[in-house]
Amino acid sequence: MNQWIRQFHRWMSMIFTLSVIATFIALAQKQPLVWVSYVPLAPLALLTITGLYLFALPYLSQWRRRSGADST
């Protein structure tokens, strides 16, 4: 499960980067499409969720080890 989330996070970071580049290109046009500036928000939200999970993972596993040792 953790490996899948890490891989998903990596792919989302690439999609996010490409969407930001596309946004810059779209907004640099003479008649910019303003709605394009909202496109990077979807991958950014997924990056935030998976990034927070991956950040908390070592602390959660450490907490589980401690609580498991206390209960036995």
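1. A friendly place to start is burial: of the 72 residues in the protein, 17% are buried. Please keep in mind that this is a predicted model.

2. The overall architecture is simple to describe, with two helices and zero strands. The radius of gyration is 19 Å, well over the 11 Å that the globule rule gives for 72 residues, so the protein is more spread out than a compact globule. Along the principal axes, the C-alpha atoms fill a box of roughly 70 × 15 × 10 Å.

3. As for contacts between residues at least 6 apart in sequence, 62% join residues at least 24 apart.

4. Do have a look at M12, which sits in helix α1 (residues 2–27). M12 counts as buried because its relative accessible area, 11%, is under 20%. Leaving aside residues up to four places away in sequence, M12 touches P43, L46 and L47. S37 lies 25 residues from M12 along the chain, and their C-alpha atoms are separated by 17 Å.

5. T23 is also worth a visit, and this residue too is found in helix α1. With a relative accessible area of 8%, T23 is buried. V36, S37 and P40 are touched by T23, again not counting residues up to four places away in sequence. With V36 there is a further detail: the T23 side chain reaches the backbone oxygen of V36 at 3.4 Å, a polar contact because the cut-off for such a pair of N or O atoms is within 3.5 Å.

How values were computed
Residues are numbered from 1 along each chain as its sequence is written. This is a predicted model: local features need pLDDT of at least 70, side-chain atom pairs count only at pLDDT 80 or more; totals for chains, interfaces and linings use all residues. Side-chain values use heavy atoms; hydrogens and water are left out. Helices (H or I, at least four residues) and strands (E, at least two) are DSSP runs, numbered from the N terminus. Buried means under 20% relative accessible area, exposed over 50%, partly exposed in between (1.4 Å probe, protein chains only). Contact means heavy atoms within 4.5 Å. A polar contact is a pair of N or O atoms within 3.5 Å; within protein, one must be able to donate a hydrogen and the other to accept it, and residues adjacent in sequence count only if both atoms are side-chain atoms. The radius of gyration is taken over C-alpha atoms; the globule rule is 2.2 Å times the number of residues to the power 0.38.
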